[in-house]
Amino acid sequence: MGRRKLSQTQRRQLSCIWFVLPALAVVFVFFLFPMLRSLVYSFTNWDGIALTSRWVGLKNFAAVVTDPSFKQVLFNTLYLTVIYVPVLNVVALLFAVAVYNSGKAGNVYKSMLFFPNLLSMTVIALIWRIIYIHDGLLNHFLRAVGLKALVQDWLGTVATVLPAMSLTIIWFAVGYYLLIYLAGLNTVPVEIYECAEVEGVRPAQRLFRITIPLIAPSITINTVLSTIGIITLFDLPFVLTRGGPGYMSETLALHVYFYAFVQLKTSYALALAVILGLFATLITLIQLRLLRRREEAVL
Amino acid sequence: MKRPKRFGYRQRARLGVSLLMALISLLLVLPLWYVLNNAFKVEKEILRSPLLLLPRSATLDNVANAFKAMKYPQRFLNSTIILALSCALLICLGSLAAFGIAMARSRFLNGVYAVMVATITLPFQLAMVPLIFLLKGLHLLNTYWGTALVYSAWFLPFVIFLYTGFIRTIPRELEEAGRVDGCGLLRSFLAIHLPLLKSVTGTVLILRGVPIWNDLLVPMITLTRSTLSTLPLKLYSFIGAYGASMTHWNLVFGGTFIVSLPILLAFLFLQRYFVRGVVAGAIKG
């Protein structure tokens, strides 16, 4: 450039970089850099302590995938996702429609349903442990109403642990997704509903033909958010069951933690974290494509 | 105005829906009511009749015992310091960066922004393990700053995304007018934009402050010294110590109650902001 002055826009752009730099530095050093390290080191025998590491190719991945626990852990993660995402979204949407139609009382219901979402997942998990354990509230209730045959250790039984966990997570999350659906409902002009009423459209038709197509963006947001949420969820399953009994309720997210901080198998933890990252990204991209296409088809 | 006395089909349907919703809401808060009401029962009564909806006995023992066993004031302070540091970093660095990105119209910064947005959905687990070794190397493990930096780095992309979206809706003429009056970029940020960012900052505080306050995973791996435990971490370790059978129900109830109390109070007073914050965040997202 020499003595030629920088143009005013260029100077401005340069000074703008100074504003971005501190944030960029923090994100890079404490988030992006560790992520890149995970990616690279998952192909080595790095243990976090030794200064040198050797390239081992796909060995860590092979070891993680062929581990007897992996199938179960992957199954649990898929099971929770497949149950949680549709059930949560349908329930949250129905609740939102009901709250929307409840007039002023709707505000009270909304707050009541949303409140659990503000509590720590540690608290939530402990509360539900007291409900589910052998001498817990649920079994007390079942005995009281004469359903003794159903009494069991809900979190200690293979058949019930995942459904019980799904129920708890849905209970915890529903209020949050309800709020987003409600915001979507509030953007639909009331005139459309008035028109529909004049035309004699039935409530079910109204829901499927008018409401759902018009709030398609909220459905997209909620589906993607809830899928990422359940795949990476840690605190709640960790405190509720710690993955037990055995591996029966352990998810990929928990498994990374156990590899890294309990079994101290750093390179396995890295490989599994990379698998988890790929899994989450892939599902998100597929969902976004499908849902966006549907959104466009409606418009 | 005269109205027909008999409800029409629509009103009746609405009333039905509303009543059903009232029932469902009550059913869904029932577990929380159990905590609240069992926290004030005598231990014997909890064990004998845990299903009773109103306590026949009333005592502060459970709360007091949990308070003492958890060393509550120290844990509360730890949680507060970490929350304050993280939020300060998120708000200062986030709003500055967003301002820079929105003002520059440069290809480089737009690229940086695109990368940031792309990382929002990446799972924390992907960074977790090398991050801990990095913190250890920098002597930031078991420090408030270390934990706050983890949260900042993790959540800054989302915060920048929120702020940038908002700053882009502020007319550029404002900043240009400032420039004519001899306002530098920093002055114009502080004098013109910052005052307009109040509502987004509220959204940021609710969408990221609440999860930071409630989080278990990050404190568990970054704060291994028990004097530094946050409230959720202390609650977990202190109840975990009694094993899976959870025989000390009185302590569980007392503990979960006092850990939830700050959020409960915040929600009672700031309810509207909480709801608005979630909605604002979702619409942007």
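## Helix contacts in chain B

Which residues in α4(B) meet which residues in α10(B)? On the α4(B) side they are B:Ser79, B:Leu83, B:Ser86, B:Cys87, B:Leu90, B:Ile91 and B:Gly94. Their partners in α10(B) are B:Thr201, B:Val204, B:Leu205, B:Arg208, B:Gly209, B:Ile212 and B:Trp213. By class, this contact has eight nonpolar, five polar and one charged residues. The model described here is a predicted one.

Helix α4 of chain B covers residues 72–104, and helix α10 of chain B covers residues 198–214. The two axes come within 10 Å and cross at roughly 145°, and the crossing is right-handed. Helix α4(B) also packs against α7(B), at an angle of about 35° and with the axes 7 Å apart. That crossing is right-handed. The contact of α4(B) with α7(B) has 21 nonpolar and six polar residues, and no charged residues.

## Chain B as a whole

Chain B has 13 helices and zero strands. The radius of gyration of chain B is 24 Å, whereas the globule rule gives 19 Å for 285 residues; the value is well over the rule, so chain B is more spread out than a compact globule. Along the principal axes, the C-alpha trace of chain B spans about 75 × 75 × 30 Å.

Of the 285 residues of chain B, 45% count as buried. Among contacts in chain B with a separation of 6 or more, 74% are between residues 24 or more positions apart.

## Chain A as a whole

Chain A likewise comes to 13 helices and zero strands. Read from the N terminus on, its elements run α-α-α-α-α-α-α-α-α-α-α-α-α. For 299 residues the globule rule gives 19 Å, and the radius of gyration of chain A, 25 Å, is well over that, so chain A is more spread out than a compact globule.

The C-alpha atoms of chain A fill a box of roughly 75 × 65 × 30 Å along the principal axes. Buried residues make up 42% of the 299 residues in chain A. Of the contacts in chain A between residues at least 6 apart in sequence, 72% join residues at least 24 apart.

## Interface and core

Between the two chains, 74 residues of chain A are in contact with 76 residues of chain B. Helix α1 of chain A, residues 8–41, supplies the largest share of the chain A side, with 20 residues. By class, the side of chain A that touches chain B has 55 nonpolar, 15 polar and four charged residues.

The largest nonpolar core has 173 residues. Those with the most contacts inside this core include residues of chain A, among them A:Ala23, A:Leu178 and A:Val256, and also B:Ala97 and B:Leu156 of chain B. Helix α7 of chain B, residues 144–167, gives the most to this core, with 16 residues. Leaving aside neighbours within four places in sequence, A:Val256 is in contact with A:Ala269, A:Leu272, A:Ala273 and A:Leu276 in its own chain, and with B:Gln125 in chain B.

## Residues in loops

A:Leu119 lies in the loop between α4 (105–114) and α5 (121–132) of chain A. A:Phe172 is 53 residues from A:Leu119 along the chain, and their C-alpha atoms are separated by 8.8 Å.

Two other loop residues have positive phi. A:Arg242, which is not a glycine, has a positive phi of about 55°. A:Arg242 is placed in the loop between α11 (235–240) and α12 (252–262) of chain A, and counts as partly exposed because it has 17 C-beta neighbours inside 10 Å. In chain B, phi of B:Lys71 is near 50°, again a positive value in a residue other than glycine. B:Lys71 lies in the loop between α3 (61–69) and α4 of chain B. With 15 C-beta neighbours inside 10 Å, B:Lys71 counts as partly exposed.

Key: Residues are numbered from 1 along each chain as its sequence is written. Chains are lettered from A and ligands numbered from 1 in the order in which they are written. This is a predicted model: local features need pLDDT of at least 70, side-chain atom pairs count only at pLDDT 80 or more; totals for chains, interfaces and linings use all residues. A nonpolar core is a set of buried Ala, Val, Leu, Ile, Met, Phe, Trp, Tyr and Cys residues joined through C-beta atoms within 7 Å. A residue is buried if 20 or more other C-beta atoms lie within 10 Å of its own, exposed if 12 or fewer, and partly exposed in between; C-beta atoms are placed from the backbone. Helices (H or I, at least four residues) and strands (E, at least two) are DSSP runs, numbered from the N terminus. Two residues are in contact if their C-beta atoms, placed from the backbone, lie within 7 Å. The radius of gyration is taken over C-alpha atoms; the globule rule is 2.2 Å times the number of residues to the power 0.38. Axes are lines fitted to C-alpha atoms, for helices over the stretch in contact, and angles run from 0 to 180 degrees between N-to-C directions. A crossing is left-handed if the near helix is turned anticlockwise from the far one by less than a right angle, and right-handed if clockwise. Ala, Val, Leu, Ile, Met, Phe, Trp, Tyr, Cys and Pro count as nonpolar, Asp, Glu, Lys and Arg as charged, and the others, Gly among them, as polar.
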